[in-house]
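Here's a quick briefing to read with the structure open beside you. Take a look, then work through the points below.

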Amino acid sequence: MNLGYKMLVLDMDDTLLTDDHIISEKNKEMLLKAQDEGVMVVLASGRPTPAMLSFARELELDRYGSYIISYNGGTLIDMADESVVYSQSLSVKNIHDLYDFASHNGVDIITYSSDSIYSESHSKYIQVEIDITKMHFDQVADFKKAVDFDGVKCIMLEEPSKLQEVKPLLEEAFPELSISFSKPFFLEVTQTGIDKAATLARLSEITGIKQEQIIAVGNAGNDLSMVEYAGLGVWVDNVTPELRHKADVIVASNNDDGVAEVVEKFLLKKEMQLEEM
(Lines give C-alpha, C1' and ligand atoms only; values in the text may rest on other atoms or scores of the structure.)
Protein backbone atom coordinates (compact mmCIF):
# COMPACT_ATOMS: atom_id res chain seq x y z
CA MET A 1 0.00 0.00 0.00
CA ASN A 2 3.00 2.35 0.23
CA LEU A 3 5.54 3.69 -2.27
CA GLY A 4 8.22 1.09 -1.57
CA TYR A 5 9.41 2.37 1.81
CA LYS A 6 9.54 -0.21 4.58
CA MET A 7 11.03 1.67 7.53
CA LEU A 8 10.21 5.06 9.06
CA VAL A 9 12.85 6.42 11.44
CA LEU A 10 11.81 9.31 13.68
CA ASP A 11 13.70 11.72 15.84
CA MET A 12 11.67 12.48 18.96
CA ASP A 13 12.10 15.93 20.49
CA ASP A 14 10.97 18.74 18.18
CA THR A 15 10.11 16.16 15.47
CA LEU A 16 7.69 13.45 16.59
CA LEU A 17 6.88 15.13 19.89
CA THR A 18 5.09 18.46 20.22
CA ASP A 19 6.59 21.27 22.25
CA ASP A 20 4.63 19.79 25.19
CA HIS A 21 6.64 16.56 24.78
CA ILE A 22 3.69 14.39 23.74
CA ILE A 23 2.77 12.39 20.65
CA SER A 24 -0.25 14.06 19.03
CA GLU A 25 -3.32 11.93 18.46
CA LYS A 26 -2.99 12.29 14.68
CA ASN A 27 0.66 11.27 14.67
CA LYS A 28 -0.12 8.27 16.86
CA GLU A 29 -3.08 7.22 14.71
CA MET A 30 -1.07 7.37 11.49
CA LEU A 31 1.95 5.59 12.95
CA LEU A 32 -0.19 2.72 14.20
CA LYS A 33 -1.83 2.56 10.79
CA ALA A 34 1.56 2.46 9.06
CA GLN A 35 2.67 -0.40 11.30
CA ASP A 36 -0.54 -2.27 10.54
CA GLU A 37 0.45 -1.99 6.89
CA GLY A 38 3.85 -3.57 7.61
CA VAL A 39 6.04 -0.47 7.96
CA MET A 40 8.67 -0.69 10.68
CA VAL A 41 8.59 2.47 12.84
CA VAL A 42 11.85 3.21 14.66
CA LEU A 43 12.53 5.95 17.21
CA ALA A 44 16.02 7.47 16.96
CA SER A 45 16.88 10.04 19.61
CA GLY A 46 19.66 11.65 21.54
CA ARG A 47 17.64 10.73 24.62
CA PRO A 48 18.86 8.07 27.02
CA THR A 49 17.10 4.73 26.63
CA PRO A 50 14.93 5.08 29.77
CA ALA A 51 13.54 8.38 28.45
CA MET A 52 12.37 6.71 25.22
CA LEU A 53 10.72 3.53 26.42
CA SER A 54 7.31 4.93 27.40
CA PHE A 55 6.90 6.55 23.97
CA ALA A 56 8.00 3.35 22.23
CA ARG A 57 5.39 1.41 24.21
CA GLU A 58 2.75 4.05 23.45
CA LEU A 59 3.36 3.40 19.75
CA GLU A 60 3.34 -0.36 20.44
CA LEU A 61 6.79 -0.90 19.00
CA ASP A 62 7.13 -3.89 21.32
CA ARG A 63 4.06 -5.54 19.78
CA TYR A 64 5.21 -4.81 16.25
CA GLY A 65 8.75 -6.07 16.96
CA SER A 66 10.56 -2.83 16.23
CA TYR A 67 13.62 -1.04 17.61
CA ILE A 68 14.77 2.19 19.20
CA ILE A 69 18.08 3.99 18.69
CA SER A 70 19.06 5.93 21.82
CA TYR A 71 21.98 8.17 22.86
CA ASN A 72 22.37 9.53 19.30
CA GLY A 73 23.17 6.07 17.98
CA GLY A 74 25.17 4.84 20.94
CA THR A 75 22.66 2.09 21.73
CA LEU A 76 20.25 -0.06 19.72
CA ILE A 77 17.39 -1.71 21.60
CA ASP A 78 15.12 -4.52 20.38
CA MET A 79 11.69 -3.53 21.70
CA ALA A 80 10.39 -7.11 21.49
CA ASP A 81 12.18 -7.84 24.77
CA GLU A 82 13.97 -4.50 25.43
CA SER A 83 17.32 -6.19 24.99
CA VAL A 84 20.47 -4.32 23.96
CA VAL A 85 21.45 -5.30 20.42
CA TYR A 86 24.38 -2.91 20.17
CA SER A 87 26.05 -0.39 22.46
CA GLN A 88 29.22 1.68 22.22
CA SER A 89 30.34 3.82 25.14
CA LEU A 90 32.79 6.57 25.96
CA SER A 91 35.52 5.33 28.28
CA VAL A 92 36.03 6.78 31.74
CA LYS A 93 39.12 8.52 30.35
CA ASN A 94 37.08 9.99 27.47
CA ILE A 95 34.53 11.37 29.92
CA HIS A 96 37.17 12.78 32.28
CA ASP A 97 39.00 14.43 29.38
CA LEU A 98 35.73 15.95 28.17
CA TYR A 99 35.07 17.23 31.70
CA ASP A 100 38.50 18.93 31.72
CA PHE A 101 37.75 20.53 28.35
CA ALA A 102 34.34 21.75 29.50
CA SER A 103 35.79 23.22 32.71
CA HIS A 104 38.58 24.98 30.81
CA ASN A 105 36.10 26.45 28.32
CA GLY A 106 33.46 27.51 30.80
CA VAL A 107 30.59 25.22 29.87
CA ASP A 108 28.60 22.70 31.89
CA ILE A 109 28.82 18.98 31.18
CA ILE A 110 26.58 16.03 32.02
CA THR A 111 26.80 12.30 31.51
CA TYR A 112 24.58 9.34 32.35
CA SER A 113 24.47 6.06 34.19
CA SER A 114 21.65 3.62 33.44
CA ASP A 115 19.20 5.61 35.53
CA SER A 116 20.75 8.97 36.48
CA ILE A 117 22.18 12.19 35.07
CA TYR A 118 25.46 13.33 36.61
CA SER A 119 26.91 16.83 36.82
CA GLU A 120 28.77 19.04 39.25
CA SER A 121 26.57 21.99 38.32
CA HIS A 122 22.95 22.84 37.76
CA SER A 123 21.61 25.30 35.18
CA LYS A 124 18.45 26.09 33.26
CA TYR A 125 19.76 23.97 30.40
CA ILE A 126 20.53 21.01 32.62
CA GLN A 127 17.02 21.39 33.99
CA VAL A 128 15.67 21.12 30.44
CA GLU A 129 17.33 17.71 30.12
CA ILE A 130 16.01 16.63 33.52
CA ASP A 131 12.49 17.69 32.52
CA ILE A 132 12.71 15.97 29.12
CA THR A 133 14.14 12.67 30.33
CA LYS A 134 12.45 12.55 33.76
CA MET A 135 15.64 10.85 34.99
CA HIS A 136 17.11 11.22 38.48
CA PHE A 137 19.62 14.07 38.70
CA ASP A 138 22.72 13.49 40.79
CA GLN A 139 24.57 16.77 41.40
CA VAL A 140 27.96 15.63 42.65
CA ALA A 141 30.76 17.44 44.41
CA ASP A 142 33.50 15.81 42.32
CA PHE A 143 32.53 14.77 38.78
CA LYS A 144 35.60 12.65 38.10
CA LYS A 145 35.33 10.84 41.40
CA ALA A 146 31.62 10.13 40.92
CA VAL A 147 31.86 9.13 37.26
CA ASP A 148 34.06 6.05 37.48
CA PHE A 149 32.13 4.18 34.78
CA ASP A 150 31.87 4.20 31.00
CA GLY A 151 28.98 6.25 29.61
CA VAL A 152 27.25 6.26 26.26
CA LYS A 153 27.42 10.03 25.79
CA CYS A 154 28.13 13.43 27.31
CA ILE A 155 26.40 16.74 26.67
CA MET A 156 27.97 20.18 27.00
CA LEU A 157 25.40 22.83 27.83
CA GLU A 158 25.51 26.63 27.63
CA GLU A 159 24.09 29.61 25.79
CA PRO A 160 23.90 28.78 22.05
CA SER A 161 26.37 31.52 21.08
CA LYS A 162 28.92 30.15 23.53
CA LEU A 163 28.52 26.59 22.25
CA GLN A 164 28.99 27.79 18.68
CA GLU A 165 32.39 29.08 19.77
CA VAL A 166 33.19 25.90 21.66
CA LYS A 167 32.22 23.38 18.95
CA PRO A 168 35.24 23.89 16.63
CA LEU A 169 37.57 23.81 19.64
CA LEU A 170 35.97 20.56 20.78
CA GLU A 171 36.28 19.04 17.31
CA GLU A 172 39.95 20.03 17.19
CA ALA A 173 40.63 18.61 20.66
CA PHE A 174 38.70 15.36 20.09
CA PRO A 175 38.81 14.57 16.34
CA GLU A 176 38.18 10.91 17.12
CA LEU A 177 34.77 11.53 18.74
CA SER A 178 31.36 12.25 17.18
CA ILE A 179 30.06 15.74 17.99
CA SER A 180 26.71 17.32 17.06
CA PHE A 181 24.00 19.69 18.23
CA SER A 182 20.65 18.24 19.27
CA LYS A 183 19.42 21.64 20.45
CA PRO A 184 21.17 25.01 20.17
CA PHE A 185 22.14 24.66 23.84
CA PHE A 186 22.97 20.90 23.76
CA LEU A 187 26.32 19.89 22.22
CA GLU A 188 26.43 16.10 22.29
CA VAL A 189 29.48 13.84 22.24
CA THR A 190 29.53 10.11 21.52
CA GLN A 191 32.16 7.50 20.72
CA THR A 192 34.13 7.35 17.48
CA GLY A 193 31.95 6.88 14.40
CA ILE A 194 28.73 6.82 16.41
CA ASP A 195 25.78 8.73 15.06
CA LYS A 196 22.21 7.94 14.11
CA ALA A 197 23.12 6.93 10.56
CA ALA A 198 25.83 4.47 11.64
CA THR A 199 23.45 2.63 13.93
CA LEU A 200 20.66 2.85 11.37
CA ALA A 201 22.99 1.12 8.90
CA ARG A 202 23.46 -1.68 11.46
CA LEU A 203 19.70 -1.94 11.82
CA SER A 204 19.34 -2.12 8.04
CA GLU A 205 21.63 -5.16 8.03
CA ILE A 206 19.71 -6.79 10.89
CA THR A 207 16.27 -6.30 9.34
CA GLY A 208 17.20 -6.70 5.67
CA ILE A 209 15.48 -3.40 4.90
CA LYS A 210 17.58 -1.58 2.33
CA GLN A 211 18.86 1.97 2.66
CA GLU A 212 16.67 3.16 -0.20
CA GLN A 213 13.60 1.74 1.57
CA ILE A 214 14.10 3.95 4.64
CA ILE A 215 12.54 7.32 5.45
CA ALA A 216 14.21 9.37 8.19
CA VAL A 217 12.62 12.45 9.77
CA GLY A 218 14.36 14.98 12.00
CA ASN A 219 14.89 18.62 12.82
CA ALA A 220 18.43 19.24 14.08
CA GLY A 221 22.13 18.67 13.56
CA ASN A 222 22.23 15.31 15.29
CA ASP A 223 19.60 14.09 12.79
CA LEU A 224 21.55 15.16 9.71
CA SER A 225 23.50 11.91 9.32
CA MET A 226 20.36 9.75 9.19
CA VAL A 227 18.43 12.23 7.03
CA GLU A 228 21.26 12.14 4.49
CA TYR A 229 21.62 8.34 4.81
CA ALA A 230 17.97 7.45 4.24
CA GLY A 231 16.37 6.83 0.89
CA LEU A 232 14.10 9.76 1.69
CA GLY A 233 15.37 12.41 4.09
CA VAL A 234 12.76 14.66 5.67
CA TRP A 235 12.85 17.75 7.87
CA VAL A 236 9.90 19.03 9.85
CA ASP A 237 9.30 22.73 9.22
CA ASN A 238 10.90 23.81 12.52
CA VAL A 239 14.27 22.46 11.34
CA THR A 240 17.40 24.37 12.35
CA PRO A 241 17.45 27.08 9.62
CA GLU A 242 20.93 26.43 8.24
CA LEU A 243 20.00 22.77 7.58
CA ARG A 244 16.81 23.38 5.55
CA HIS A 245 18.49 22.66 2.20
CA LYS A 246 19.95 19.33 3.35
CA ALA A 247 16.85 17.12 3.04
CA ASP A 248 14.71 15.84 0.18
CA VAL A 249 11.42 17.05 1.66
CA ILE A 250 10.15 19.49 4.28
CA VAL A 251 6.79 18.78 5.97
CA ALA A 252 4.72 20.53 8.62
CA SER A 253 6.25 21.34 12.01
CA ASN A 254 6.36 19.12 15.09
CA ASN A 255 3.33 21.00 16.44
CA ASP A 256 1.37 20.54 13.21
CA ASP A 257 1.55 16.76 12.74
CA GLY A 258 4.46 16.74 10.31
CA VAL A 259 5.10 13.04 10.99
CA ALA A 260 1.49 12.19 10.09
CA GLU A 261 2.00 14.11 6.84
CA VAL A 262 4.98 11.89 6.00
CA VAL A 263 2.92 8.76 6.62
CA GLU A 264 0.02 10.03 4.50
CA LYS A 265 2.16 11.19 1.58
CA PHE A 266 4.83 8.52 1.36
CA LEU A 267 3.60 5.39 3.15
CA LEU A 268 -0.18 5.26 2.72
CA LYS A 269 -0.59 7.41 -0.37
CA LYS A 270 -2.47 4.90 -2.49
CA GLU A 271 -4.77 3.99 0.37
CA MET A 272 -5.50 7.63 1.12
CA GLN A 273 -6.31 8.28 -2.55
CA LEU A 274 -8.75 5.36 -2.61
CA GLU A 275 -10.47 6.66 0.49
CA GLU A 276 -10.90 10.06 -1.14
CA MET A 277 -12.60 8.58 -4.24
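Which residues in helix α6 (residues 124-133) are buried? They are Tyr125, Ile126, Glu129, Ile130, Ile132 and Thr133, where buried means under 20% relative accessible area with a 1.4 Å probe, protein chains only. Keep in mind that this is a predicted model, where local features need pLDDT of at least 70, side-chain atom pairs count only at pLDDT 80 or more, and totals for chains, interfaces and linings use all residues. Residues are numbered from 1 along each chain as its sequence is written, and side-chain values use heavy atoms, with hydrogens and water left out.

**Helix α6**
- Helices here are DSSP runs (H or I, at least four residues), and strands are too (E, at least two), numbered from the N terminus.
- Looking down the axis of α6, its buried residues fall within an arc of 165 degrees, so they line one face of the helix; the arc uses directions from the helix axis to the C-beta atoms.
- Just after α6 comes Lys134, with a positive phi of about 60 degrees.

**Thr133**
- Thr133 sits in α6 and is buried, at a relative accessible area of 6%.
- Its side chain reaches the backbone oxygen of Glu129 at 2.8 Å.
- Leaving aside residues up to four places away in sequence, Thr133 touches Pro48, Ala51 and Ile117 (contact means heavy atoms within 4.5 Å).

Conventions: Buried < 20%, exposed > 50% of the residue type's maximum accessible area, 1.4 Å probe, protein only. Polar contact = N/O pair within 3.5 Å; in protein donor to acceptor, adjacent residues only side chain to side chain.
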